[in-house]
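Please look over the sequence and the model before reading on.

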Amino acid sequence: MKCIPRGGADDDAFPFMFGSRINSMKDRLDLVSDSSPTSSPRDWLRRQATIRGLGCVDFNYPQHFHDWDAKEAKQALDEANLVAGAVCLRYPSTFARGAMNHPDPKLRREAIEITKQAAEVAKILGCSEVVVWSAYDGYDYPFQVDYKDKWNQIVEAFQECCDAYPDIKWSLEFKPTDENTRFFTVPSTGAAMLLLKDIDRDNMGLTLDMGHMLMAGENPGQSIAMVGDKLFGIQLNDGYTRLAAEDGMMFGSVHPSLALEAMYQLRQIDFKGHLYFDTFPQRSDPVKEAEYNIQRVKDFWNAAGRMSKSELERIASEHDAIGALELVNQSLREC
């Protein structure tokens, strides 16, 4: 793998590499030169390469591999001086009734094989992480599924993937609900931790998405602390937390105090992955939006590093709410 400066070429001291949602490069095409193609993952990667501070790209499988193969994608990364961060599962609508827990054993087997194919793609791209978010593994109504049966199917599927590719870090990205699946089989950080216990594989962990944690009514900092060294990936964004809404807003734009604590807890657990922005610019310039996210993360990260350890310990020992708010306010003023 190429040695890309973490945090961008102008900031070698920052400890993480940044990635951003490649599909966001389809937004605001009016800002792109008429002579620049914009219709394929290759084109979106070229546009991402203009983002100052971006070091890696997360690809969706099989969504981003219909018009080229993994070797061609790797060559495009090399040409752009970028690396692959992870490969993320996006099961096609064939699996609308379920992927790893589809009621048809043949389709369930097909979903597992697609999942393992993503690991092969990751190896070709030069990364070692596969993130599984299934839009379809869940249900909509009471009595629609056998909960224990669906749970066991997901456990067995991940065990098979982990055993088949022990050199790959597999991670589940949970989500509580969306328009495809009203109730996911794994709807929270707590449930995801129970799943890890049942899977019982060293190369199985979690990817936490800030928006998904907020949708689940969680405090992201607490969830990060709970997961600890099983946190393989983190997806950063923000949102207004309206019912079942994933807004994909810029990091720290709505909940700055939660963003600050998320950075603090990543420091506490000695997080080793890369930072990925799962945001939906839509009406904004996606290149400038990613650059803003990168700078804000650095601001929050540095502010968290300046917080007084002794004062934090005192606040925690006394459950001092006012002291905590005053410390947060002081830290945010320094962002």
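The structure is a predicted model. Its largest nonpolar core comprises 93 residues, and helix α3 gives the most to this core, with nine residues. The residues with the most contacts inside the core are Phe59, Tyr91, Trp170 and Leu275. Leaving aside neighbours within four places in sequence, Leu275 is in contact with Phe14, Phe16, Met17, Phe18, Gly19, Ile234, Leu236, Leu266 and Val297. In soluble globular proteins, nonpolar side chains tend to be buried together.

Helix α1, residues 41–48, is mostly covered, with six of its eight residues buried. These buried residues are Pro41, Asp43, Trp44, Leu45, Arg47 and Gln48.

His102 lies in the loop between β3 (83–89) and α3 (105–125). Is His102 buried or exposed? His102 has a relative accessible area of 2% and is therefore buried, the cut-off being under 20%. Not counting residues up to four places away in sequence, His102 touches Thr94, Phe95, Arg97, Leu107, Arg108, Lys150 and Gln153.

The axes of helices α8 (residues 256–268) and α11 (residues 321–333) come within 10 Å and cross at roughly 90°; the two helices are therefore roughly perpendicular to each other. Pro256, Ser257 and Leu260 of α8 make the contact with Val328, Ser331 and Leu332 of α11. By class, this contact has four nonpolar, two polar and no charged residues.

Terms used:
Residues numbered from 1 in each chain as written. Predicted model: local features only at pLDDT ≥ 70, side-chain atom pairs only at ≥ 80, totals over all residues. Heavy atoms only, no water. Buried < 20%, exposed > 50% of the residue type's maximum accessible area, 1.4 Å probe, protein only. Helix = DSSP H or I, 4+ residues; strand = E, 2+ residues; numbered from the N terminus. Contact = heavy atoms within 4.5 Å. Core = buried A, V, L, I, M, F, W, Y, C linked by side-chain atoms within 4.5 Å. Axes fitted to C-alpha atoms, helices over the stretch in contact; angles between N-to-C directions. Parallel < 35°, antiparallel > 145°, perpendicular 65-115°, else oblique. Nonpolar A, V, L, I, M, F, W, Y, C, P; charged D, E, K, R; others polar.
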